Amino acid sequence: MKKFFQDRIVSNTLLLFLFTYATEMYIRFLTDGGLGFPLIRIAISSFIISLLLGYILHFTPKIFQRIINTLYMFFVAIYSFVEFGLFNFIGFFMGMGNAEQGTKVLDYILDFIKSTHWYYWLIFAPLVVGLFCLYFVLPKIKEKGKRVRNKQKYTVKQRVIYELLPILIIVCLSGFYYITVRSDKFSNKLQVQSNYELWLFPDNSNLAVNNFGVLMYGFCDAKSIILGIDANDIMSLENSNTAEEVSNDTEIADETDYTRIIDYSAWKMLIDNTSDTTDNTLNAYFISRDITEKNDYTGIFKGKNLIMMLMESVDEISILNESDFPTLYKLYHEGISFRNNYSPRNNCSTGNNETTVLTSLFTINNTCTANTYKDNKYTQAAFNIFDNAGYNTTAYHDYTEHYYYRATYMPNMGANHYYGVADLGMEYSDAYQEWPSDVVLFQQARQYYQDNEPYFAYFTGVTTHQPYYQSSEWGDAYLSRFDNTNYSLELKRYLSKMTVLDKALEELLNELEEKGELDNTVIVLYGDHFPYGLTDDQINEYLVANNASYTVNRNSTTRNDVDRTPLIIYNSEFAREHGSVEVTEYTSIIDLLPTVLNMFDLDYDPRLYLGTDVFSDSHVSRTVFADGSWEDERAYYYAPSSKITYIDGAEPYTAEEIKEINQEISKRQQMSASAIKSDYFNYLSEGIKKYQAIIDSQNTTDETITSSDDESETETSDNN
């Protein structure tokens, strides 16, 4: 037995395996990955990597072997720490598709470090132990083994076995590992994506890490990019055994006052003349979706102006205390407020969630969709729909293109004009901690939209952005307002910045009222995500002090309260005539666009939006998160480990019900990803225009012929 452990391949393999597996298991413990077969799968992959490295290195000099082992252990430890740190900070493990955004993490590296608990640093414990064994334990064991080997010689047969056995073990374990990926027997029957789909294209990084571990997730992610595997390949794989076809038979239903009539003859002609598999699959999916009917809220804001704002890093802290933020409190408690609304975290939350709001699509998890697909044409986007209705559509942001390419993707969504911080003539700083004022944003922007009615003006604020640990102009401007509290300094600086936002909205309301346009303007406000730069404890300071019904834990697997954000639709005329409206159904920002379009009674096709008008009978009270998790009145389902936690007294779901919900969610997310990657909506719009022109031409010809026939009959009659 001693001789066995003294062998170079064996000792190196065992050292690397124990180090790798211990690191993986600690990450799994921190993410509450649970038990199950993934533990064995991760052990197998860890052993394969370790044996392969140990085998290759036994051909090299000892010093080279020691250097490579050291570099490997440092890489695994640092990579694991960074990946888990990002998971803790933004809720997702990051892939290569987010590399560009990942480099910008350096801007808020101190926020990132401050968000880590002390026990996160124990990820480096296996590294310390591993290096100690590598430099102090193994040399002694190998020295004894060397003295033993000097006394004996291997036969040729023994040497062949010695060299080939590791290769045979690697091949056999790899084959078994592949079986565990392909076979349903080794997967959780409830998970939102199959293991094979995740292996090919791990866009759901949280689920991939749970099933494969951090290292193999990184390998799968790199493999999918190098080989060009994407969402379309996964969709083709899913549909390979179940071809989707579009029926030309239209079900005739009784029309009511609420029936939404949509002529999609041109769409069907496009389908008949499309051969591309991806486009046909997407056509089949979207055209078969339900057309939501109109409802009591249809057209309540018809013809009014619209101002919409993304409120940077704003969660429900903003609407709990009237004395702290009187304007936001007023808008929330007097307007239409969504009491169970969420802005799901993802790898690129501001840009991606902005894209979700403006298009009602799920963004792609393993890339910064807003930037990667900035050249896409989203003809169903908010700007285009309002533009088609004769609105002046403009967008404004009080910062540069450093993070997101709004000057490109906003016009591609139909904005008549986009104004960045320089276009608005605003002063700004390149220093990360100094952000411009949202008050000035509204002041500088009003000249471009208020005299061009009807208008849709979209704003992306920035004042409330992290960091909060550093002194800054707006972080310190209103600190004195919170002198009588026991809040931490970081929280006070956040609240000071929130005060700027509140004053910006106050000035907006006053300006509209002075111009006599307040009743004629709808204000829509949503938060992109919670304030990342605050720790959970700092957020909870405010929630507890202001009697919120919950506290937050960004890594919870039983609730997702950290992603709760305010969603407000306010119109003074509506508030005066109808009072406040509290929407208690579970919603997310993906539902905002179809809800607003229905309220303005614009010409849109509900089937092209993956959210639903909240006031329609078709809306399902359920929030879907980026990793496939979901929450409703009955339960919270945590997709990475297929764990479901029920609200007290709620009726449990059956396993079949959970499976059906997960399949529907997975389908929507995959179709959305494929539509974005293929620029589907541009294809659809151009195709419908083409075939609608043909239909119109045919109708004109038919009318001409009919008219000619009528004239001929008249002439004949006259002659007679």
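User: Why is Asp32 called partly exposed in this model?

Analyst: Asp32 has a relative accessibility of 32%, and since buried means under 20% relative accessible area and exposed over 50%, with partly exposed in between (1.4 Å probe, protein chains only), Asp32 counts as partly exposed. The model is a predicted one, in which local features need pLDDT of at least 70 and side-chain atom pairs count only at pLDDT 80 or more, while totals for chains, interfaces and linings use all residues. Residues are numbered from 1 along each chain as its sequence is written, and side-chain values use heavy atoms, with hydrogens and water left out.

User: What makes the phi of Asp32 worth a remark, and where does Asp32 lie?

Analyst: Most residues other than glycine have a negative phi. The phi of Asp32, however, is near 55°, a positive value in a residue other than glycine, and Asp32 sits in the loop between helix 2 (8–30) and helix 3 (38–57), where helices (H or I, at least four residues) and strands (E, at least two) are DSSP runs, numbered from the N terminus.

User: Is Ser642 buried or exposed, and how do you know that?

Analyst: Ser642 has a relative accessible area of 14%, and therefore counts as buried. Its phi is also positive, near 55°, and Ser642 belongs to the loop between strand 11 (635–638) and strand 12 (643–646).

User: What makes strand 5 a mostly covered strand?

Analyst: In strand 5 (residues 455–460), 6 of its 6 residues are buried. Tyr455, Ala457 and Phe459 point one way from the strand, whereas Phe456, Tyr458 and Thr460 point the other way.

User: How do you know that strand 5 pairs with strand 1 and with strand 3?

Analyst: Two strands pair if DSSP finds at least two bridges between them. Strand 1 (residues 305–311) and strand 5 are joined in the parallel sense over 5 bridges, with Met309 standing opposite Phe459. Strand 3 (residues 392–397) also runs parallel to strand 5, with 6 bridges joining them, and there His397 stands opposite Thr460.

User: What makes strand 7 covered on both faces?

Analyst: Strand 7 (residues 567–570) has Leu567 and Ile569 on one side and Ile568 and Tyr570 on the other, and all of these are buried. Strand 7 is joined antiparallel to strand 2 (residues 336–342) by 2 bridges, and antiparallel to strand 6 (residues 521–527) by 4 bridges.

User: What is meant by the largest nonpolar core, and which residues have the most contacts inside it?

Analyst: A nonpolar core is a set of buried Ala, Val, Leu, Ile, Met, Phe, Trp, Tyr and Cys residues joined through side-chain atoms within 4.5 Å. The largest one has 200 residues, and those with the most contacts inside it are Trp267, Phe286, Ile336, Tyr458, Phe459, Ile569 and Phe600. Helix 21 (residues 489–514) gives the most to this core, with 11 residues. Ile336 touches residues including Tyr297, Phe301, Ile569 and Phe615, where contact means heavy atoms within 4.5 Å.

Key. Lists of a residue's contacts leave out its neighbours within four places in sequence.
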